[in-house]
Amino acid sequence: MGKDSKAMKQKGQLLSFVPTGEYYFTKGVKAFHRRDLKKAEKYFQRAMHLEPGEPMIVCQLAIVQSELGEYQQSNRLLHLVLEELDENMAECHYFLANNYAHLGLFRDAFRHANLYIELNEDGEFAEDASDLLELLTMEAEEMDEDYYEEDDLIVKQEEARNHLESGEFPKAIEIFQEVIEEYPEYWSAYNNLALAYFYLGETVKARDILNDVLEQNPGNLHALCNALVFAHYQGQEKEGQDLKDSLEKIHPIHVEHQFKLGATFALVGEYELAYRWLKKLQKTGFEGDGAFYYWLSHASYFTGRENTARNAWKKVLEFSPEKEGMEPWADKPGVKFEAQVSAILNQLNSDYPEERLFALFLTSVSAKKKEILAAETSTDKMTEMEKSYLAYVASGKLSSKEEEVKGAHETAKLLYDHHQPIGKNEAGVYIMWFSVFEQAAEAGYDFKNKKAWAAAVDYLWDKLRNIKTSKAAVAKKYGLSVSTLSKYINLANEFLQEEDSI
């Protein structure tokens, strides 16, 4: 060792160096000043991963994403800063104003530019914000009111779609119905409303909506695609084949239609057709969202293109980290709603009691139960019964007065024996059960015959979806007599009708 011992010690100290968020943040700033935006984004993402609660890092990443034209992603981060990390970072309002202006959402741009000036009249971007307001005012004078109505329409449609994707179907239905009332020829809202009803198991209502769209707007691609999905899930092979043959001959020009076609083919298992459209979009430079890469990954994987599938899945996780474990090659049970922490947390805060009860049940069967229970969630909207259910999920203990909660949970567990993992198509049976439960509990019914309640809801859910079944088959499935099943079907049906009339 001798004379080299000191040098060796110094080298050892250097090798023990662990990069921090600040280290990557500094590298990101340097890359940003060099206008190497992709590298800057990479460094800021790494810094945010190491220090997720640091608002300055999140804001800087949002600025870079805005420069790259990734306005929606940038907005998500800016809202995260203002709503969760530091509400006093007024500059986020200025950046939001710019992003919304680029997206054509001028009303939101105007609102955030004004907010910035109100909060920071002499701020660094005050002059720029004033210039933006002047430009927006000039634009407004040239636009008629219909343009701003369309602005509001886009925001409402996006909000409803987020509820739909999170499994909050009643809330999505409520907003889509508002949109349709205001814009009776906005066919996209009708198509999404049909999807929401279908996921709830109300297939006749969903079909009627699609038929109405196709009657008034023949050849509507989204309605035809949704009709194919409905036929696929209901096992209507001839109708499904006819629709698939028709859609295979269509060659849409619009990017949105090409994506819808590709995603639909993937959803019904026609992966080669799906890959053809989705890969074509990617080759033309289409910068899709998480849903685009989700279907591209599935279509690629199931057509033997594993490298493309894995690269696409990396993009999925950038948009939706909670989808980890839901890869097309992951042959695991329970990788749908049970694994989606953010979706469950959203539903716990739903305005609808049946959705909150469903979220509590999902928590109980989730492999991420501890993570969900550890999250900070408000119980303000919960009834006393729901709070008891939450306590039961957390501890497994109930007082003797709360046996109805245990009955509700164990009935849902019986349904889970037959309907898992829980995706959009399975969620409806649970929401139906908790709707029945809520009404029955209020009416003073007990839930000792859990098999009968579960069987009745299972039977009614199949009937709602036009799936052929018989009382004898369902009774046998749950180990009941047909007479007992019939009694509980009548009870459950009464409570569902009462709910519809509220």
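Pro-421 lies in the loop between H23 and helix H24 (424–442). A cis peptide bond joins Gln-420 to Pro-421, with omega at about -10°. The model is predicted. Its chain has 27 helices and 0 strands, and 48% of its 502 residues are buried.

**Whole chain**

- The accessible surface of the chain is about 26300 Å². Carbon and sulfur atoms account for 49% of that surface.
- Of the contacts between residues at least 6 apart in sequence, 55% join residues at least 24 apart.

**Helix H25**

- H25 has 15 residues. From its first C-alpha to its last, H25 reaches 21 Å, close to the 21 Å expected at 1.5 Å a residue.
- This helix is mostly covered, with 11 of its 15 residues buried.
- Asp-462 is placed in H25 and has a relative accessible area of 11%. It counts as buried because that value is under 20%.
- Leaving aside residues up to four places away in sequence, Asp-462 touches Ile-467 and Thr-469.
- Asn-466 follows H25 and has a positive phi, near 60°.

**How H23 and H25 pack**

- Two packed helices are described by the angle between their axes and the distance between the axes.
- The axes of helix H23 (residues 403–416) and helix H25 (residues 450–464) come within 9 Å. They cross at roughly 55°.
- H23 and H25 are therefore oblique to each other.
- The crossing in which H23 passes H25 is right-handed.
- On the H23 side, the residues that meet H25 are Gly-407, Glu-410, Thr-411, Leu-414 and Leu-415. On the H25 side, they are Lys-450, Lys-451, Trp-453, Ala-454, Val-457 and Asp-458.

**Helix H15**

- Helix H15 (residues 255–267) has 13 residues. Its reach from first C-alpha to last is 18 Å, close to the 18 Å expected at 1.5 Å a residue.
- The buried residues of H15 are Gln-258, Phe-259, Lys-260, Leu-261, Gly-262, Ala-263, Thr-264, Phe-265 and Ala-266.
- The cover over these buried residues includes helix H13 (221–233), helix H14 (237–248), helix H16 (271–283) and helix H17 (290–301).
- Gly-269 comes after H15, and its phi is positive, near 85°.

**How H15 and H16 pack**

- The axes of H15 and H16 come within 7 Å and cross at roughly 150°.
- H15 and H16 are therefore roughly antiparallel to each other, since an angle over 145 degrees counts as such.
- Their crossing is left-handed.
- H15 makes the contact through Val-255, Gln-258, Phe-259, Leu-261, Gly-262, Ala-263, Phe-265 and Ala-266. H16 makes it through Tyr-271, Leu-273, Ala-274, Trp-277, Leu-278, Lys-280 and Leu-281.

**A positive phi at Arg-35**

- Arg-35 sits in the loop between helix H2 (21–33) and helix H3 (37–50).
- Its phi is positive, about 65°, although Arg-35 is not a glycine.
- Arg-35 is partly exposed, with a relative accessible area of 47%.

Definitions and conventions
Residues are numbered from 1 along each chain as its sequence is written. This is a predicted model: local features need pLDDT of at least 70, side-chain atom pairs count only at pLDDT 80 or more; totals for chains, interfaces and linings use all residues. Side-chain values use heavy atoms; hydrogens and water are left out. Helices (H or I, at least four residues) and strands (E, at least two) are DSSP runs, numbered from the N terminus. Buried means under 20% relative accessible area, exposed over 50%, partly exposed in between (1.4 Å probe, protein chains only). Contact means heavy atoms within 4.5 Å. Accessible areas come from the Shrake-Rupley method with a 1.4 Å probe; for residues, only the protein chains shown count as cover. The expected span of a helix is 1.5 Å times one less than its number of residues. Axes are lines fitted to C-alpha atoms, for helices over the stretch in contact, and angles run from 0 to 180 degrees between N-to-C directions. Angles under 35 degrees count as roughly parallel, over 145 as roughly antiparallel, 65 to 115 as roughly perpendicular and the rest as oblique. A crossing is left-handed if the near helix is turned anticlockwise from the far one by less than a right angle, and right-handed if clockwise.
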